[in-house]
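Thanks for coming, everyone. Let me put the structure up, and then I'll walk you through a few places in it.

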Amino acid sequence: MRGGGAARETRRAGALDIQVLAVLHQECFPDDPWSAEALAQLLAMPGAFALITVRENSPVGFVMLMQVREAAEILTLAVTPSARGEGVGRGLVQDALDVCAASGVEICSLEVAVDNQPALALYTAIGFKRRGGRRAYYRRKDGSTADALILSKSIPGFLG
Ligand SMILES: CC(C)(COP(=O)(O)OP(=O)(O)OC[C@H]1O[C@@H](n2cnc3c(N)ncnc32)[C@H](O)[C@@H]1OP(=O)(O)O)[C@@H](O)C(=O)NCCC(=O)NCCS
């Protein structure tokens, strides 16, 4: 995988990484953290996979996807606050798209809160396009809601 830097490595995450993924998710989504049990159940589903980036022995981010035949969905993407702005998120998504391309995925989609500027900027920079939305999809701890945007990106297959 691209790795994205001399001291950074991105690899497949497995069952032994679940606790680490839960900590990263808690750091990145304090309003709606996914438990280790929930992450383990997701990762055990057919078609699910996750990549984790480790820098100097410290986990700094992960991405989790679900593939169903020719379609994949990014379920979550998290980069620990102290490692942001260094290309970790971009590297994770690009590596995940490489995995998707190698396994015949033709389209990758995701949902993102309409006010999540860093994530929207990242996905747009990688080539995701807006396809639709869901009203009041996210519920925040303060009781407010946020709309979701649905983004997707076509993945060129062997026919181009
Ligand atoms: C969104 C998130 C994953 C970005 O991770 P990151 O490692 O900081 O992102 P990168 O450094 O790889 O940035 C890649 C591109 O994204 C955009 N970007 C990232 N952070 C940004 C910010 N704070 N403001 C504006 N653009 C930003 C830029 O286009 C950037 O490219 P550039 O560095 O060439 O300008 C990270 O902020 C995060 O974990 N947020 C909390 C969880 C979350 O919102 N996940 C996404 C849910 S869909």
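Start at A83, which lies in the loop between β4 (71–79) and α3 (88–102). Helices here are DSSP runs of H or I with at least four residues, strands are runs of E with at least two, and both are numbered from the N terminus. Two notes before I go on. This is a predicted model: local features need pLDDT of at least 70, side-chain atom pairs count only at pLDDT 80 or more, and totals for chains, interfaces and linings use all residues. Residues are numbered from 1 along each chain as its sequence is written.

Back to A83. The cut-offs: 20 or more other C-beta atoms within 10 Å is buried, 12 or fewer is exposed, and partly exposed is in between, with C-beta atoms placed from the backbone. What does A83 touch, leaving aside neighbours within four places in sequence? A83 is in contact with R55, V60, G61 and V88. Contact means C-beta atoms, placed from the backbone, within 7 Å. Look at P59 too: 24 residues separate A83 and P59 along the chain, and their C-alpha atoms are 9.7 Å apart.

Next, E56. E56 sits in the loop between β2 (48–55) and β3 (58–68). Its phi is near 45°, positive in a residue other than glycine. E56 counts as exposed because it has 8 C-beta neighbours inside 10 Å.

A136 also has a positive phi, about 50°, and is not a glycine. A136 is in strand β6. With 10 other C-beta atoms within 10 Å, A136 is exposed.

Now the strands. β6 (residues 129–139) pairs with β7 in the antiparallel sense, over seven bridges. Pairing needs at least two DSSP bridges between the strands. In this pair, G133 stands opposite L149 of β7. The β6–β7 hairpin has five residues between the strands, and G143 there takes a positive phi near 95°. β5 (residues 107–113) and β7 (residues 145–154) are antiparallel as well, over seven bridges. S109 faces S152 in β7.

Definitions and conventions
Contact = placed C-beta atoms within 7 Å.
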